[in-house]
Amino acid sequence: MEALKAQFPATNFTLLAVVLALPLLGAFVNGVFGKRLGKAGVRLMALSALGGSFIAALATFLLLPKGEGGGSLSWTAWRWFSLNGRMGQTIPIDVAFSVDAMSATMMLVVTGVGFLIHLYSSEYMVKDPGYHRFFAYLNLFCFAMLTLVMADNMAVLFVGWEGVGLCSYLLIGFWFGDEKNATAGKKAFIVNRIGDFGLLVAMAILLYYTGTLRFSEINASARNLLDPVTIWPFGNLPLEGQWDAANPNANGLYKAIVHLFLPEKGVQVYASTLVGLAMFLGAAGKSAQIPLYVWLPDAMAGPTPVSALIHAATMVTAGVYLVARTSAVFLMSPAAMATVAVLGCATAIFAASIGLFQHDLKKVLAYSTVSQLGFMFIGVGVGAFAAGFFHVFTHAFFKACLFLGAGSVIHAMHARIHDTDKSQDIRNMGGLKKFMPITRWTFLISCFAIAGAPPLAGFWSKDEILWRAFSTKIVAPEVARDPLWTWPSWLGQAIYWVGVVSATMTAFYMFRAYFLTFHGEFRGWKIVAGWKEPKHGHDDHGHDDHHDHHDDGTPLEGPKPHESPLAMTLPLMVLAVFAVFAGFLMAEPIHVEPLGHILSPVFTRAHDAVVLRGEGVEKLMWPMMGPGVAAFLAGTGAAMVVYLNKGGAPEESFKKAAPGLYRLIYDKWRIDELYDAVVVGMVDALADIFTAADKWLIDGVLAKLTAAIVAFFGTVLRTFQTGRVQVYGAAMAIGLAGVGFFLVRPHADATVDDSKLRSAGEVVISAAPGPGYTYRWEGTGTEQKDFSAAREVRINVNPGETKDVKLHVRNAFAQEATHSFAITRPGRGFPSSAAQPPLVPGTVVPAGGGSIPAKDIPGLINPRGAQ
Amino acid sequence: MSPLDLVFQYWPAIGAGILGALVPRGEASTKQRAGLGFIAALTTLFVIWLWPTEGAAQAAQAPNEWPHLLNLLIALPIVGAAAVLFIPRQMLSTLRGFTYVVLGIGFVASLWLLTVPMTAGWHFQYIKDWMPSLGIRYHVAIDGISLWLVLLTTFVTPIAAYASFGSIKTRIKEFCFALLLLQGGMIGAFLALDLFLFYVFWELMLVPMFLMIGIWGGADRVKAAIKFFLYTMAGSVLMLAAIIYLVWTHQKLTGDFSFDYLALSRVVLPKSAQLICFWAFSLAFFIKVPMWPVHTWLPDAHVQAPTGGSVILAAVMLKLGTYAYMRFSMGLFPGPASNLSANLAGVAILGGILYGALVAWKQRDVKRLVAYSSVAHLGFVMLGLFSATPSGMQGAVLQMVNHGVSTGALFLLVGVIYDRRHTREVDEFGGLAKVMPLYAVVFLIVTFASVGVPGTNGFVGEFLVIMGTFLSERLGKFAGIHTVGAAAGVILAAVYMLYVVQKMFFGPLTNPKNKHLSDLTVRESLALAPLVLMIFVIGFFPSIFLDRMKESVLLQHNQFKVVSGQAILFADDRDAKLLPEDTFSPVFLKGMPKKEKTEEPAPGADTQAALGGEGKVAQ
C-alpha cells in the first residue's frame, strides 16, 4: 500500500491512466484485429482489459486520501487547448482526471459491474458474427464512461458524455440489419444531443461567470453565479413602458398584442438558475427524464447485456452524477433544484404508470429504470446528493441483475422462439422457475431489492431519498437583495407522497413481471421455430381478445427452455449478493454508513443550503419509514393476488372495463406520437419550407430572376442590332433630339460646399455650368439685380442662423430656371458629437478648438468634394 | 546520433507505422500495408515534432526564415502547371508522376513553415516592386492564421489529386494543369498582402476550378460551372471597385499610390463609403464562404464537380472566403465589421447553422447534403469571426481546417460510392455496412467528426466558437441568444448526418445492385487514411495547432478591437482619414511601403491632423 502511495503521488496519479488505457486498448485491439483474433482472443482481450481496469480502480479507491476534508487523486495528461475568458484571461482546458470518493465509487461500479456484464456477454453473444465488434464497442463504452466519471473539468466530462452516447448509438443499432434498431439508435443519439445542447450552453455560462470549467474551481467560485440575468425581454426588445414611449400612436389591438409579449418589468433569474436548468437539460437527456425520456425504452432494441450495462447500470446515471458533481452550482439556485426534484418526481410516477401494463419484459425494466432514475433526481433535487448517488450505486446492482436475468430468460426463450419480439413477450413465458432456478432466484431477490423490501439495498437508498424529500428544504443563498425564488414548504411533502405512490407501482409491476415470467404454466409451448401465429401477428397495441388460448399448455415439438451457462449465471449471483447487502454501506437510520462517511466531504456545501423543514421533523424519521414499507407490501401483495392467485384475470377485467385507459397506458400515454406530431413535425415542416424556399425563392430570385432579367435585356437590345442603316439613323435622330431638348432647357443645379460651415460659417455654392448660362443669386447678402457670369457665391452664416439662397439661371435661349437652398449653421451651444475631438493616446488636441488653415493639413482631403 | 537512438527517440512513430501496416486484413497488397504504415508513422512524427515543449521557444531563438520559401510555394505549382503543357499527353504516368512530385515538394516545403515559432506579425515576408508607378508590389507573408490554411492546401491537394487519378480517365494533361494552377492560385491568395496581388490570385484560382467543373463534371456541369463563375465574379468585381476606391483615397491622403494591405489598413473612409466598401468586400467573401442567401451556387457546383474538384472546393476554396473576411474585411473596415457583427452573426446562425442544417436534412443527393452541411459548418466559422473574441477567432480558424479535413473526407467517401454505383441518391442505398464494412466504418468516423463529437476535430472548433460567442462583447445583448442558436446547431448536425448514415448503411440490404459492391480499394483507403488520422490528431491535440495561431489571432483581435473603436469614433460623413501608425502594432506594419517624398511635414503632423478636432478636419 505504502509502496503504491509512493509510486503514485496524489497530484500525478498515473494509475488513472491505467484505468483508462486498458479498456481503450481493448476497444482498439478488438475493433481492428478482432476478426483475426477469433472469439477466444476477443474474449480474453475484453475481459482482461476490464478486469485489469477494475483492479486499478480498486487500488485507486483504496489509495484515496482519507480524513476530514476528503481529498482527491489527480492526473493531468496534456494541455488540450485553452480559451480566453471574459477578462481576456487564459483558461486552460487540460485533459485531466481527478478522482474523489464519489468518482472512485462510480469507477468501481463501472469497471466491476462492467466486468460482470462483459463476462456474461462473452457467453450471451457467442453465436453472433459481430462478436469482436460487440466487445470493441463495449470496451470503448467503458473507456468513455470512465472518462466521464473521472473528468476533472466539464470539457473532459463532455468527451465522456458524448462518448457514451456514441457507444450507446452503436450498440443500440448493433443489429443494424433491422431498420427498427438503427432508428432506435438514431433516436437515442439525437435526443441525447438535445441534452448536449443544454450542456454546451451551461458550459458557456459557467465560463462567463466563473471563468473556469474545472469542477473544483466551479464549486469554489459558484457564488459568482448569483448574478441576476434578465432573460426576457432579450436582445433589443423593449419593456412594455419603453415600447409605449416609442410608439405613442400605436393602435389598440396592436398594442394589446405587443403587451402580451413584453413584460412591465424584466424577468430576472440568477445565472446559477440558467446554468442549473441548462445542465439539467443535459442530465435529462442522458438520464431519460421528462421531457427527454423517450429514447430509453426504444434503446432496448440493443442486445440485452447492453441494456444492463449502458441503459440501466452506468450511462443513464451520468445525469445524476453530473448534478451531484456540480452540486455547488445547483445549491446556488433553489429554483433549479426544485425543477430537478419536481421533474424527477414526475418522471418517477409517470414511467412507473407506463410500466404497469407492458408485455415486453425489457420494456417493463426500461420504464422501471426511467422511474428509478426519477427517484435519483428527487434525491439530488432535494439536496440529498449522497442519497441520490447512493441510489445510483444500489440501482446499478439490482437493475443490472434484473436485466441480465431478463437476458438469461430471453436467451432461454430464444432457443424456442427465434423472434426478438416474441421471445421477450411475457405472455409467452410463465413457469420458467422450474427450467432456470438460478435465474429465477436472482431475479426474485432483485425484485425485492427494487421494490424496497427491507433490508435489501433498494430499501435503504429509496427510503433515504424519500425521507430527505420529506424532511428538508433548500434555502436560497444569502444575497444582498431579495431571493428571486424561495422553496415552498409543502413541496418536499408532496414529492414524498408522490414518491410513495410510485414506489407502490414499482413493487406492483416488478412482481407482475416476476410472476408472469416464472410462475404459472409455460405458455411458450405452442411457439416453435418458424411458427406463425394465425390471424393476428404480434401487435404492439395488445388488443388481442383471443389471448386466452395461449395457456393450453400442450407442448409442441421444439427445444425446452434451459438454464444459462455458468458464465451467465455467475454474474447474476454476484449481483444478487450485492443487491442484498449493498444497502448496508449507507443505512443511515441504523447508523451503518461507511460509504456515507467517505462521500460526505464531497458534498460539504450542501450542509448550509439544505435545512430541516421545521422543528421536530427529525423525530419523524422512523414513522415516515412506514409508508415506504407499506408501499412495498401493497404493491407486492396486489401483484401476488392478481397474477399468482388469480392468474391475471383482474388485469383482463380492467382492460375490459376501461379499454381506452388501458390502451393509453399501454401506448405509453402516446407521448411519442405527441412528440412526433409536435416537435418532429414542426422541425420537419420547417425544413420542408426552407428547402422549398431555397430552391424557388433564394435560388429563384438570385439566380433565375437575375438571369431572366439579363436575358430580357439581351432580347430587347438584340432587336436594335438589325444591321439596317435606316434603323440606326432613326435611333441617332431620336437621340440627338433628346440631347437637343436637354440643352435647350436651363438647369439650375449647384454644388454646396459647406465643409467650413460649422467652423467659419462660410459656404461656397457653385452653380453647374451650361451653354450660355448666366446666373443671378438672391439672399446672399449682396443683392444682385442682373444675371451675370459669376458661377460661385460665398456666403457667411452666423451661428444659429438660417439663410435662404435662391439661384436663377438663364441660358442662351433666354429661358430661366430657379433653385433654392436653405443653409443652416448649428448654434454654438450644441456641438454635434461628430465634432468632438476623439480621445486618442498620443494625440495633442489643440486648445481652444480654433481652426487651422486648410493648407496646413496635408493629410486631409475631401474626397466627395473632388467628385 | 546512432540509428538505435533514433529508434528510441521515435518509438511511437515506429510503433504507429507497424500498427498501421498491420491494420489491413487478409491478402492486402504490400502497397496498402506500406502506405498505411507510412502514413501512420508520419502522422505520429508530426505530432511528436510539434508537441509543445518547454525548450522549444528557446531552441528556435534565431528564426532562420528563408525569404524565398513563400515564392517557392506559390511559384512551384504555377511553373509546374506551365511545365505540364510541355509533356506529351500520351505519357499518362509521367503526367501523374510529375504532378505528384510538384505537389509533394510543395507539401514538404510547406512543412518548413512550421519550424519557425509563429510569433505575432509577418513571417517569411518577401516584397518586390511590381508596378511601382501604381504602388503595386509583390508582397507575400505568412502569419499564424494563413499558416494553417496554406498547410491545409498543400495537404489536401495531393490527396485530391491521388483520389482523382483513380476516377478521372480523360484529359489527364489538362487536369494536371488545372490542378497545379489551382494550387498556385489558392496558396497565392492566402499569402498575398497586396490587394492587387490578392485580387490576381483570387481570380486566377477561379479559372481552373471553372474548368474542373465544366470539363470533368456531371451531366449538368456547364450550367453549374457558369453559375459558380458568375456568382464568384459578381462579388469579385465589387471588391475590385472597392479596392480601387480605397487605393485612390489612400493616394489622396498620402500622395502615394499603394495597394498594400498594411498601408491601406490605416485609411478610415467616410462613414457611408466605409459601409459600401465593407459590403463590396464582404459580399465577395460571403459568396465564396458561402453565407446565406448567396449560397445556392455551392450545392450545384458540388453536385456537378468531380470528386477531386469537390474536395478542393470544399476543403480550401471556401476557406478563402472566411480567411479573406477575417484578413481584409475585418482589417480594412473594422468599423462596419464591428457595428454589423451582431446582425451578421444572426445571419450566420439562422441562415447558416440552422437553415443550412435543415435544408441539408431534406436533400436526397448525398453530395448536395454534404454541400449544405458545409453551409452550416461555415456558419460556425463566420460566427466565430463575428464574435471577434480570441476564442471565437481561434475556433473559427481551427474550424476552417477541420471543415477542410472532414468535409474533404466526406466528399472523397461520396466519390467512392459514386464510382461504384453512378448515383448518389440515398434511397438507392441501404444496408451497405454489410457489403462494405470498412467503408462504413470510415464514413461513420468522418460523420462523427462532422457532427462534432468530442475526440474528433469538429468538437474543438465548435466548442471554441460557441464559448467565444457567449463571451463576446461585440455581440452585446445578443450573445446569449446567439449562443443558444449556435448550440442548437449541434442537434441538427446529428439529425442530418445520422439520417444519411442510417439510410445508406443500416437497415436491410434490399437493392440487388448493392449486393456485390467492393469495399474500399487500396487507392481509396490510402487517400482517406491521412484525413481520418488528422481528424483524431486535431481532436486530441488541438493545441499544437492553436498554439501556433494564438499570437497572430490575438494580434488581429486586439487590432480589430482598437482600430474598430477608433474607426467608429473618427469616421465622419465626409472625410477620409489616416490613422496614426502607432495605432497599429509595429510587427503588423512591418513591410509597409515607406514614403520617399519629403514634402510632408515632420512625422507626427499627419497624425495630429488626422486625429485633431473638427476644426482641423474640415477642409
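This is a predicted model: local features need pLDDT of at least 70, side-chain atom pairs count only at pLDDT 80 or more; totals for chains, interfaces and linings use all residues.
The antiparallel pairing of E9(A) with strand E11 (residues 802-810) of chain A runs over 5 bridges, and A:Trp777 has A:Leu807 of E11(A) as its bridge partner.

We can turn next to helix H28 (residues 671-720) of chain A, which has 50 residues. From its first C-alpha to its last it reaches 69 Å, close to the 74 Å expected at 1.5 Å a residue. At A:Gly700, H28(A) bends by about 65 degrees. A:Gly700 is also one of the buried residues of this helix, which include A:Ile698, A:Asp699 and A:Ala703 as well as A:Asp672 and A:Asp694. Both chains contribute to the cover over these buried residues: it includes helix H6 (179-210) and helix H15 (334-355) of chain A, along with helix H11 (221-254), helix H14 (297-304), helix H17 (341-361) and helix H18 (366-387) of chain B. In the loop between helix H27 (659-666) and H28 of chain A sits A:Trp669. Its phi is near 60 degrees, a positive value in a residue other than glycine, and A:Trp669 is partly exposed, with a relative accessible area of 27%.

A positive phi, of about 50 degrees, also occurs at B:Phe124, again not a glycine. This residue belongs to strand E1 (residues 123-131) of chain B and counts as buried, at 1% relative accessibility.

The largest nonpolar core has 484 residues, among which B:Tyr325 and B:Met504 touch the most other members. Helix H17 (residues 385-414) of chain A supplies the largest share of this core, 19 residues. A second, separate core of 17 residues includes A:Tyr773, A:Trp777, A:Val793 and A:Ile823. Beyond its neighbours within four places in sequence, B:Met504 is in contact with residues including B:Val366, B:Ile417, B:Phe429, B:Leu432, B:Tyr439 and B:Phe443.

Key: Residues are numbered from 1 along each chain as its sequence is written. Chains are lettered from A and ligands numbered from 1 in the order in which they are written. Side-chain values use heavy atoms; hydrogens and water are left out. A nonpolar core is a set of buried Ala, Val, Leu, Ile, Met, Phe, Trp, Tyr and Cys residues joined through side-chain atoms within 4.5 Å. Buried means under 20% relative accessible area, exposed over 50%, partly exposed in between (1.4 Å probe, protein chains only). Helices (H or I, at least four residues) and strands (E, at least two) are DSSP runs, numbered from the N terminus. Contact means heavy atoms within 4.5 Å. The expected span of a helix is 1.5 Å times one less than its number of residues. The bend at a residue is the angle between axes fitted to the seven residues ending there and the seven starting there. Two strands pair if DSSP finds at least two bridges between them.
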